[in-house]
Amino acid sequence: MTFDTGAVITAIPILLDGLVATLYLVAVSLLIGIAAGLFGCYGKILGRGPLCWLAHLYVGVFRSLPETVLIFWIYYCGPLVMNVKLSPLGSGILALSLVSGAYLTEIFRGGVNSVPRGQIEAARALGFSGFQRIRLIVAPQAMMAMLPTFIGFVTILLKNSALVSAIGLAELFYKAMTLSATTYKYFEIYTAVGILYFATIFPLSMAAQQLERRARGRR
């Protein structure tokens, strides 16, 4: 078995283009997912009312659906429902955003619930407004508590982004598939792709573990 280094060197610029597309897909999906997650978290914390029911329904539905099914449904069935056919990028962003929002709803809710209730009551007794209680008491502690889980979720989102290649989005894994199919350098190309995914995801995993250890140390 030989390893053609020249094939990897030739493929690197194309694979890096795919990596940029992957990071763009993940970044946009994450931003939209954060907005949806904050909205869902607020609804769940309310504990009752239409917004709470909607948040429960949203989380229940999109945490139960496999990402692959959702990606295919939006891309192929979406035009039948919305009368608009989204591009592979649009379909991928919409699918990953919906799933991200559902998971982030629970991550954010866990962070908020980790703040001791007594501190919030004390701030209220001292005359802090609702906005001040959130900004000065709840948000800083909730962010520290949920940060390791949040980063862990980002690593999962990065890995799941490869699923969008199934509808033709030219992200990293799609580039690897097409490149290896035309050059027959499967070993070299998929090894290079594995290294690129590892180099992107491993630092995030280490950061999440480090933050988790620090959080445990404070308890």
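## Helices α5 and α6

The contact draws on Q119, I120, A123 and R124 of α5 and on R133, I137, V138 and Q141 of α6 (contact means heavy atoms within 4.5 Å). Four of these residues are nonpolar, two polar and two charged. Here Ala, Val, Leu, Ile, Met, Phe, Trp, Tyr, Cys and Pro count as nonpolar, Asp, Glu, Lys and Arg as charged, and the others, Gly among them, as polar.

Helix α5 spans residues 117-125 and helix α6 residues 130-160; they pack at about 165°, with axes 10 Å apart. That makes α5 roughly antiparallel to α6 (angles over 145 degrees; under 35 is roughly parallel, 65 to 115 roughly perpendicular, the rest oblique). Axes are lines fitted to C-alpha atoms, for helices over the stretch in contact, and angles run from 0 to 180 degrees between N-to-C directions. Helices are DSSP runs (H or I, at least four residues), numbered from the N terminus.

## Basis of the model

This is a predicted model: local features need pLDDT of at least 70, side-chain atom pairs count only at pLDDT 80 or more, and totals for chains, interfaces and linings use all residues. Residues are numbered from 1 along each chain as its sequence is written, and side-chain values use heavy atoms, with hydrogens and water left out.

## Helices α1 and α7

Helix α1 (residues 5-46) and helix α7 (residues 172-183) have axes that come within 7 Å and cross at roughly 150°. Helix α1 is therefore roughly antiparallel to α7. From α1, the residues A11, I14, L15, D17, G18, L19 and T22 meet L172, K175, A176 and L179 of α7. By class, this contact has seven nonpolar, two polar and two charged residues.

## Aromatic pairs

Eight aromatic pairs are counted (rings of Phe, Tyr and Trp, its six-membered ring, with centres within 6.5 Å; planes under 30 degrees apart are stacked, over 60 edge-to-face, the rest tilted). The rings of F3 and F187 have centres 5.3 Å apart and planes at 90°, so the pair is edge-to-face. F3 lies in the segment before α1 and F187 in helix α8 (residues 186-218), 184 residues apart. F3 is partly exposed at 40% relative accessible area (buried is under 20%, exposed over 50%, partly exposed in between; 1.4 Å probe, protein chains only). F187 is partly exposed at 39%.

The rings of Y186 and Y190 are stacked, with centres 6.5 Å apart and planes at 10°. Both residues lie in α8, four residues apart, about one turn of the helix. Elsewhere, ring pairs link F72, Y75 and Y76 into a cluster.

Methods: Helices (H or I, at least four residues) and strands (E, at least two) are DSSP runs, numbered from the N terminus.
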